[in-house]
Amino acid sequence: MLVLFNNELRGEIPRNLSSCVRMQYLYLQYNRLSGRIPDELRNLVERELAVFGVSVNDLTGGIPSWLGNGSSLTDLDLGQNDLRGRIPAELGRISKLENLTLHYNNLIGHIPFSVYNLTSLVSLSVGGNNLHGEIPPEIGNYFPHLRQLYLSENRFSGQVPHSLPNATGLEELSLTSNSFSGNVPANLGNLRNLTRIGFGNNQLQTGPDGLSFLTDFTNCTKLKALDFGHNKFRGEIPASIANLTNTLQVLLLGSNQITGNIPPEIEKLNGLQILAIYNNSISGEIPHGIGKLQNLRYLHLWRNKISRAIPSSLGNVTQLLRLELQKNQLEGDIPPRLGWCRQLQLLTLSDNNLNGTIPNEVIGLSSLSLYFGVARNSLTGPLPLEVGNMSKIVHVDLSDNRLTGEIPSTLSQCLMLLSLNMAGNLFEGSIPPSLRTLIGLQYLNLSRNRLSGQIPIYFENFTVLEALNLSFNSLEGEVPQEGIFRDTKRISIIGNKKLCGGIKELGLPACTVHDTKKRRKLSKLKLSITISVSFLIGLTCFIVVVYWRRKSTRRSSVALPTDERFQKDGWTLHEFVEAALHKSLVKILDPSLLSTEYLVGISNGQISDADMVRFEETIADIMRIGVLCSAKLPIEQSYEDPPFFTTFLAASLISFTFFLVATAPPPIKRPPARDGHQRRAPYSLALAPPLSPVSSPS
């Protein structure tokens, strides 16, 4: 015995193995062996070899005819290689052969009739080749011990042999993906040991009794999988299907011409894990009792005529992995209880008549990873912020609804996204700068919305983006020129009348005149704000100086804030004032306060609450500067420069610095902060020493 299966062996099968003339078992499966089967191994086969296993390798050439001389062979396993040619008729001479495995090669021709003489066969597997022809009608009488018969994925034709029920020992029968025609043989229920039967993907038809043949399998108490999908079956699903065994895990009836309703009795098949009745003409509603199928993993009912509401009882199927209900006539809301399916990986509800909002509980399922689709319905309301919980989602399709509001910034948490389609809605506002994290996107469609603002420049860095559609919005400003924007076949920006620039192939007007007018408008706005603030600073300082001069003249007896009375963590009054003034000054001169986006927001009335609070805080700081300008006592000021001149000079210095920062021109090539991130100020305070208005100018 030589057992070397499931390793990483490479190269050809050693020819000197022929010296092991008394070897009975040779297991070389699951390696990477290549080349032909050596003729030298004939010496082993013709002597005592009982098992010859070389499946799942990279062997080439044909099946050696000398294998037919293996008088002791019981197992011949050559599957999943690259063997070519015909099946040698000599194999029919291996009288003791029990398992013949030739599947998934490139074999052609017919099954030699001599193979049907192997009455000891327990398993015959020739699936996944290019074999053709008809199967002998009496095949069920040839193999009295047959348990597995795999003829799938070939080009066999003709009728399914009606003698198959005579092979009463059959446990697994697969004829899928061929060209069999005619009716399903009667009395298949005689196969009491049957666990799996596959007739899918053929051209089989129903007889006068329709789908009643399904009832025959009620005698098969061990049945686990039943596949009759992708044929030409007509009629209704009989209610007697509920009498099938509870061991049934897979029921495939998709892509036929089945009509009628889904029988409510189907709820009794509580062992079902996969139910597929897609692409038929099923009508009526989804039975409420389907929520009793606690073991259901896959429910495929797409492309039918199913109507009414999605039953909320589906939320009870907590093991559900995939729910496909698209292309029906479903109505009403999306049940929030679907959020109970916490293992759901794929949810498609597109092409129905659903309305209402997208429930937070559903779109917030962190388990959703493959696909979330609700396209072409009548859904309304904003896109919930919980969309960011789908951090592993790959494909999202929200297109052609009536969704409103802004694109939530939480979408940036969906880092695994490959495609995002939000076209044909009522989304407004700008494209969020946070979406710059979605660098793995291959397809992005935001067309036919009400989006405004500029095209984010970060799209230039989306190196794997194959298609970008921003057409028919209200976007404006300069179109980027790098990355995907170099290829006009991969982008669509039509219907945005205020766009300019970009590569010349786009045929857009130049941005020069437009940008100049815009800069002038912003400059006027900046100048107005600057003059107002400067005047306020000067006026405040003037009032404070006059106040202190009068108070000094009167020699008031009121106690003044001396160092001894101040006592702030060991600081003197002057030290504290200087420190506080420095912080206020830096805050007031923050260049981001007067960024282009902020000024445009003021002019358009689109300033946010946070910006308004920030603006109010700044005005308050300005007022404090006026007070701090005269922080020294009147008695101290009498020995120094005239207080009015000192204060006025400090206020002028603050106003002039503020004016320089506020009126600094933006970059010429692109408007500042187009992608939502603030750019470096033209005059950076970080590069200049801090000013101290309370100290006397030198």
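Predicted model: local features only at pLDDT ≥ 70, side-chain atom pairs only at ≥ 80, totals over all residues.
At 42% relative accessibility, F5 counts as partly exposed, because that class covers the range between under 20% and over 50%. F5 sits in the loop that runs between β1 (2-3) and β2 (10-11). Together with M1 and V3, F5 makes up a nonpolar patch on the surface, and the three share about 320 Å² of accessible area.

Zooming out, the protein chain has 698 residues, and 49% of them count as buried. Its fold contains 10 helices and 41 strands. As for contacts between residues at least 6 apart in sequence, 56% of them link residues that are at least 24 apart.

Next comes the inside. The largest nonpolar core takes in 144 residues, and F52, F217, F228 and F372 are the ones with the most contacts inside it. Two or more residues of this core come from each of α1 (42-45), α3 (360-363) and β39 (474-479).

N445 belongs to strand β36, which spans residues 443-445. Is N445 buried or exposed? With a relative accessibility of 8%, N445 counts as buried, because the cut-off for buried is under 20%. Apart from neighbours within four places in sequence, N445 is in contact with L420, N421, M422, A423 and N469.

The other asparagine, N496, is found in a loop, the one between β40 (491-492) and β41 (498-501). N496 has a relative accessible area of 6%, so it is buried. Leaving out neighbours within four places in sequence, N496 contacts L470, S471, F472, N473, S474 and L475. Which backbone atom lies 3.2 Å from a polar atom of the N496 side chain? That atom is the backbone nitrogen of N473, and N473 is also one of the residues listed as contacts of N496.

How values were computed
Residues numbered from 1 in each chain as written. Heavy atoms only, no water. Helix = DSSP H or I, 4+ residues; strand = E, 2+ residues; numbered from the N terminus. Buried < 20%, exposed > 50% of the residue type's maximum accessible area, 1.4 Å probe, protein only. Polar contact = N/O pair within 3.5 Å; in protein donor to acceptor, adjacent residues only side chain to side chain. Contact = heavy atoms within 4.5 Å. Core = buried A, V, L, I, M, F, W, Y, C linked by side-chain atoms within 4.5 Å. Patch = residues over 30% accessible without salt bridge, like charges linked within 9 Å, V, L, I, M, F, W, Y side chains within 5 Å. Areas by Shrake-Rupley, 256 points an atom, 1.4 Å probe, with all protein chains shown as cover. Salt bridge = Lys/Arg side-chain N within 4 Å of Asp/Glu carboxyl O.
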